[in-house]
Amino acid sequence: MPKEKNLTHEDVKNIVASYMNEEHVKMVESAYHFAETAHNDQRRRSGEPYIIHPIQVAGILAKLHMDPETVVSGYLHDIVEDTGVVLEDVRILFGPEVAMIVDGDTKLSKIKYKSNKEQMAENHRKLLLAMSKDIRVMIVKLADRLHNMRTLQHLRPDKQRRIANETLEIYAPIADRLGISTIKWELEDLSLRYLNPQQYYRIVHLMNSRRDQRIEYINHAIEDIKRAISDLELGGDTEIYGRPKHIYSVYRKMVTKHKQFSQIYDLLAIRVVVDSIKDCYAVLGAIHTSWTPMPGRFKDYIAMPKVNGYQSLHTTVVGPEGRPLEIQIRTHEMHEVAELGVAAHWAYKEGKTNGVKQSESGKKLNLFKEILELQSESSDADEFMQGVQGDIFADRVYAFTPKGDVFELPKGAGPLDMAYTIHTEVGNKTTGAKVNGKIVPLDYEIKNGDIVDILTSTSSAGPSRDWLNLVSTRRARNKIKQFFRQADRKENIVVGHEMVEKKLRDAGFNAHGIMTPDKEAEVAAQLHYSSHDDMFAAIGFGDLQPAGVANRMSKDARQQIENDKQRQTERALLEEHKTLAEDEVHHEKKRSTAQGGVIIEGVDNLLVRLSHCCSPIPGDEIVGYITKGRGVSVHRVGCPNIIAAEEHGERIIKVKWENPDGDKTNYNADLEVQGYNRNGLLNDVLKSINNSTKFLNSVNGKVDHDKMVTINASIGIRNRDHLQHIMDNLKNIPDVYVVKRTIH
C-alpha cells in the first residue's frame, strides 16, 4: 500500500478555500493556530510534532468536503483529552456544535475501570451514543482512526494487533454502514496488514506480478463497452474506467469462498458512471446484448438501495477471452454517495452547510435507532458492544412483509427476530410464520428477498422460554427476557438474595453482617441498577451472576485479608533474601553485584542470570524475579512469563543495567524474519547479519504453502542500539516484510 504523504496546514487551507467562503476559511485557520499552541510541546511515538496528527485528520475531512464545524473539530479532536484546554474553552471560541463533536470524540480517560476491556467498551459506547445525536462525531473519529492506522508502525506489535483488530471489528463496519467506502476499504486493508502480514504481503506480491496483463485486459474491455453503448446518445459526462480490487476484499473472498488467488477473476472491475437512472438501465441492456450475463450475478441496488444509501447496478458477464468480468453502473450522484456515504449529506456546498438533520438521516439509517435501543436494553458497556457487533455490524439480509415493507436483519435471523424488529407486541403475540406463502418453523433462517408473514393472536399467552434458543439478535433475546423478568419479578428477588447469601457463606463470610441495606444499595448503584430489588431480580432471572455481586459485597473484608497476606509475603521475601545471601557466602560462591551486567537494587551477593525466554539486552527495560533456590532471573518488561507475577507484585524486585550501552558482544537476541520465499532470500539475510555481528548462534527457517518464509535466528549483540541497526538492515532487504524480536 503506497504511503500517504503528510499534508501541511497550507495544503488543508488550500483544500477548504476551494469550497468554503472566506469567513469559514478563517474559522479553520484559527482552529489550527489554537491546536498548534495547545499541542506545542507534545510529540507522537514516531518523534514527530503532535500537531501533524490533527493536521492530517483535518485534511482527510477537508478532502471529503465536510462543513467548517467538522474540519475545525478535526484540528481540535484531541485537545481536551491531551492538553490543558477544557471543553468550555472550545465552546466559547468555536461554538456549541464544535464543542459537542469534540466532546463526543474525547475518551473517558479520567475514570478508572477494572480492565482495559471495560474502559474500551465504555469509550465505544460514549462514541456511538454521541454519533446517534450527530453523525459528524463518528466522521471525525473515522478520520482520526484512519491516520492512526497509517502510522501504526511506530507502536509495539501487541498494540498494533489490538488496534488493528478493534478497527476491523468496530470502525470499518461503521464506515461501511455509513457508506463511506473511501475510508472503509483503507481501514480494512491496513488492519489486515498488521493482523495477517503474511497473507497481506503475499496478495500484494501476487497482484503486482500480473498487473500489466490485467490492465491490458480491462482496457480492451472498456473499448468494447464504448462501442456497445455508442448508439445510446448518452450525456457527455459518461465515465468508464477500471476499478482495482482492494486487498482485504481479495483476502475475504479467498477465506470465505475457499479460493486460490488464481481463481479470483474480478481483481479489476469496470465502473460506468452516467447522467441519469434511465441511462444506467440503457447501458445495462447494451452490455447484456454484447456479452452473456452470468446467472445469479446481477444485483439491482438502484431499485432496492442498501441500508447505507448505496445505489448501483452490478452485473457479471462472460467478457473478452471468455473470462468473467464484473461491471458496476451508476449515476454521478450515486457515485458521490457510494464514495462518501452519509458524509455526502454533510458536505459543504454553495457557501453553506448542506447538513441532514437527525430526523432526515434517521429515515435512511436505522443505525441510530438501533444503537439507542441497544443502549436502553443493555446492562453494561460490554453487553452493549456485543449487541452492536452482533446485531448492527453483522452481515445483513433483507426481508419483505406482505405489504412490501423492507426490514434489514443480521444474517442468521429468523421469523421471531423479524417479529421483534417490527414491534415488541408483535413478537410477544407471535404464533407462527409464513415465508413466501408457506408455513415455516420458527427456527427458519431468513434469506435475502424472502416475504415473511408473521402470524399473531391476541389470545396468545406470550413468548415461550424456548424462544431464547431460536432467536439470534440481542434485541429479540432482551425483549423475551424482559417479558419473563416482569412476570416472575417477586420470585426472582427472593431467589437472587438467597444466591448471593450462599456465595458469601461458601466463601467463609458472615452473610448477614455483610449484606446490610446500605451495602446492597451501594453495590446496586455500582452495577447501574436503580434499586437493590432490581439487582436481586436480575440475579434470580439469570441476567447477573451472584458471584460478582458477592465479590463486590465482600470487597472490604477481602481487602483486609489481602493486606494481612501481603504483610506476611513481604516478611517471607525479606527472609528469603537473607537466606540466599547467607547460603552463597557460606558456600563461598560470592558473585559480582553486576552479574551479567545487572545490578540488584538494595541487595548484594545474589546469583543473577539473564532469562532465556526473552533474552534481555542492555538498553531494554528489565525486572528481576526471585526464583526458588536459583537466585534472580532477569526478564524484559512485558515478557509473558513475568506479567502474571508482576501484576500481583509477587517475588518481583527492581534491577538495572550496570552499563546500558553494553560491555561485551555476546548478549543473545532472538529474531524472526518473514518474507516472500524468492531465490537467494536466506543468503541475503545471513549476509546482512554477518556484516553486523560475528556471533550467529543458530538459524532455521520454514516455508508455508503460500510461499511465505519465516527465518528464526539467534545472534550475539552488544546492546539495543546494535540490535536495532541489525533489524533496520534486515528490513531493507527486498521481499522481507516483517522483522521482530521473539520471546520463547
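**A buried threonine and its surroundings**

Guide: Thr70 is buried, with a relative accessible area of 0%; buried means under 20% relative accessible area, exposed over 50% and partly exposed in between, with a 1.4 Å probe and protein chains only. This is a predicted model, in which local features need pLDDT of at least 70, side-chain atom pairs count only at pLDDT 80 or more, and totals for chains, interfaces and linings use all residues. Residues are numbered from 1 along each chain as its sequence is written, and side-chain values use heavy atoms, with hydrogens and water left out.

Visitor: Where is the place of Thr70?
Guide: Thr70 belongs to helix H4, residues 68-76. Helices (H or I, at least four residues) and strands (E, at least two) are DSSP runs numbered from the N terminus.

Visitor: And what is Thr70 in contact with, leaving aside neighbours within four places in sequence?
Guide: With those neighbours set aside, Thr70 is in contact with Leu61, Arg136 and Val140, where contact means heavy atoms within 4.5 Å.

Visitor: Which residues have the most contacts inside the largest nonpolar core?
Guide: They are Val71, Tyr75, Leu76, Val90, Leu142 and Ile183, in a core of 58 residues. A nonpolar core is a set of buried Ala, Val, Leu, Ile, Met, Phe, Trp, Tyr and Cys residues joined through side-chain atoms within 4.5 Å. Helix H9 (residues 136-150) gives the most to this core, with eight residues.

Visitor: Which residues does a second, separate core include?
Guide: That core has 30 residues, and Val634, Leu671, Ile715 and Leu730 are among them.

Visitor: Let us turn to strands. How many residues of strand S20 are buried?
Guide: Nine of the 10 residues of S20 (residues 667-676) are buried, leaving the strand mostly covered.

Visitor: Which sense do S20 and strand S22 pair in?
Guide: S20 and S22 (residues 708-717) pair in the antiparallel sense over 10 bridges; two strands pair if DSSP finds at least two bridges between them. Gln674 has Thr710 in S22 as its bridge partner. S20 also pairs with strand S23 (residues 736-741), in the antiparallel sense over five bridges, and there Val736 is the bridge partner of Gly675.

Visitor: On to rings: how many aromatic pairs are there?
Guide: The count is eight aromatic pairs. Rings of Phe, Tyr and Trp (its six-membered ring) pair if their centres lie within 6.5 Å; planes under 30 degrees apart count as stacked, over 60 as edge-to-face and the rest as tilted. Tyr301 and Tyr310 form an edge-to-face pair, 5.9 Å centre to centre with 70 degrees between the planes, and both of these tyrosines are buried. Ring pairs also link Tyr200, Tyr201 and Tyr737 into a cluster.

Visitor: What sits over the ring of Trp185?
Guide: The charged end of Lys184 does, 3.9 Å from the ring centre. A charge sits over a ring if NZ of Lys or CZ of Arg is within 6 Å of the ring centre and within 35 degrees of the ring normal. Arg323 likewise lies over the face of Tyr217, at 4.2 Å from the ring centre.

Visitor: One last topic, the backbone. What is the phi of Glu233?
Guide: Glu233 has a positive phi of about 55 degrees, although it is not a glycine. Most residues other than glycine have a negative phi. Glu233 lies in the loop between helix H13 (211-228) and strand S1 (239-244).

Visitor: Is Glu233 buried or exposed?
Guide: Glu233 counts as exposed, because its relative accessibility is 76%.
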